[in-house]
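Work through the exercises below with the sequence and the model at hand. Each task is followed by a solution in steps.

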Amino acid sequence: VVSTQSTGKKQLELLKKEKEVLQQTLNFEPVKSSEACKEIVTYIKNTPDPIGSPNNTFYTKNCFIEGTLVTLPSGTHKRIELLEPKEEVLTYNLESNSLETGAVVSKSESFTNQLLDIEFEDGSLIVSTVDHPYYVPNKGWCSFRPEETRSKYGTMVFGLEVGDECFAVLVKEDSVERKSKRKRIVKIVEKENKEPVKVMTLMVLPNNNFFANDTLVHNKSFCTVL
């Protein structure tokens, strides 16, 4: 039998490790402590009240609208609003240049009047907040309003522009066959909504990214640990 005191001590130790990992996320750095990440993810998957619960909530403002499809390791997709902590999603390791499986740590929601429509050459569309970072090979993490992303999170991003080729994944439904590709942006439209729109994003470990509508995006966020 595990005592409540030892369980609380274990959670506190993991929260400290989580804070170190999140600091790297804030700086857009690769997570260096892979063992710490593995321990956190294992804890999340095996604990009824994982990190990311109401008392340890991740907060974020750069997000995606409901209905955005998140790519799963199987090659299938799931609407972002239906994903929950402990579920697995497809991620990308920028150091080893390989597709990997990541774990959802938390899902956060907010409301905004400002949205961005990004249309790609293949006809696909993604809708997000104006400051959400997308990965553009040979350029780095980019957002439509890089100065806003920098001021909010104190990290370096570049400007997202028409003509940029975003990193994406090509998957086959119900198949493990996966390969990367690039999607060229042909149109960017900033729009102001009269009524606030619910948006959301995920916190994913260990690579701090996921594929939204098959496009690689950062899970940029900040965290308050109580």
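A contact means heavy atoms within 4.5 Å. The model is predicted: local features need pLDDT of at least 70, side-chain atom pairs count only at pLDDT 80 or more, and totals for chains, interfaces and linings use all residues. Residues are numbered from 1 along each chain as its sequence is written, and side-chain values use heavy atoms, with hydrogens and water left out.

**Exercise 1. Overall composition**

Task: State how many helices and strands the protein chain has, and what share of its residues is buried.

Solution. Step 1: Helices (H or I, at least four residues) and strands (E, at least two) are taken as DSSP runs, numbered from the N terminus. On that basis the protein chain has three helices and 15 strands.

Step 2: Buried means under 20% relative accessible area, exposed over 50%, and partly exposed in between (1.4 Å probe, protein chains only). Of the 226 residues in the protein chain, 49% are buried.

Step 3: Among contacts with a separation of 6 or more, 63% join residues 24 or more positions apart.

Step 4: Accessible areas come from the Shrake-Rupley method with a 1.4 Å probe; for residues, only the protein chains shown count as cover. The protein chain exposes about 11,000 Å², and carbon and sulfur atoms supply 51% of this area.

**Exercise 2. Surroundings of Arg-145**

Task: Locate Arg-145 and list the residues it touches, not counting those up to four places away in sequence.

Solution. Step 1: Arg-145 sits in the loop between β9 (140-143) and α3 (146-153).

Step 2: Its relative accessibility is 19%, so Arg-145 counts as buried.

Step 3: With residues up to four places away in sequence left out, Arg-145 touches Gln-114, Val-130 and Glu-190.

**Exercise 3. The nonpolar cores**

Task: For the largest nonpolar core, name the residues that touch the most other members and the element that gives the most residues.

Solution. Step 1: A nonpolar core is a set of buried Ala, Val, Leu, Ile, Met, Phe, Trp, Tyr and Cys residues joined through side-chain atoms within 4.5 Å. The largest one has 25 residues, and those touching the most other members are Val-89, Ile-118, Tyr-134, Leu-160, Leu-202 and Phe-210.

Step 2: Two or more residues come from each of β6 (98-120), β8 (134-136), β12 (178-205) and β13 (209-212). The most come from β12, which gives five.

Step 3: Another core lies apart from this one; it has ten residues, including Leu-90, Trp-141, Val-157 and Phe-211.

Step 4: Ile-118 has contacts with Ser-124, Leu-125, Ile-126, Tyr-134, Leu-160, Ile-185 and Lys-187, not counting residues up to four places away in sequence.

**Exercise 4. Backbone details**

Task: Which peptide bond is cis, and what is the phi of Lys-86 and of Asn-97?

Solution. Step 1: The bond from Leu-205 to Pro-206 is cis, with omega near 10 degrees. Pro-206 is placed in the loop between β12 and β13.

Step 2: Lys-86 is not a glycine, yet has a positive phi of about 90 degrees. Lys-86 belongs to the loop between β4 (77-79) and β5 (88-93) and counts as partly exposed at 30% relative accessibility.

Step 3: Asn-97, also a residue other than glycine, has a positive phi near 55 degrees. Asn-97 lies in the loop between β5 and β6 and is exposed, at 54% relative accessibility.

**Exercise 5. Salt bridges**

Task: How many salt bridges are there, and where are the partners of the Asp-117 and Lys-191 pair?

Solution. Step 1: A salt bridge requires a side-chain nitrogen of Lys or Arg within 4 Å of a carboxyl oxygen of Asp or Glu. The structure holds twelve.

Step 2: Asp-117 and Lys-191 meet through their side chains at 3.1 Å, N to O. This pair links distant parts of the chain, with Asp-117 in strand β6 and Lys-191 in strand β12, 74 residues apart. Asp-117 is buried at 17% relative accessible area, whereas Lys-191 is partly exposed at 31%.

Step 3: Glu-161 and Lys-139 form a salt bridge at 3.4 Å, N to O. Glu-161 is in the loop between β10 (158-159) and β11 (165-171), and Lys-139 in the loop between β8 and β9, 22 residues apart. Salt bridges with shared partners join Lys-139, Glu-161 and Asp-164 into one network.
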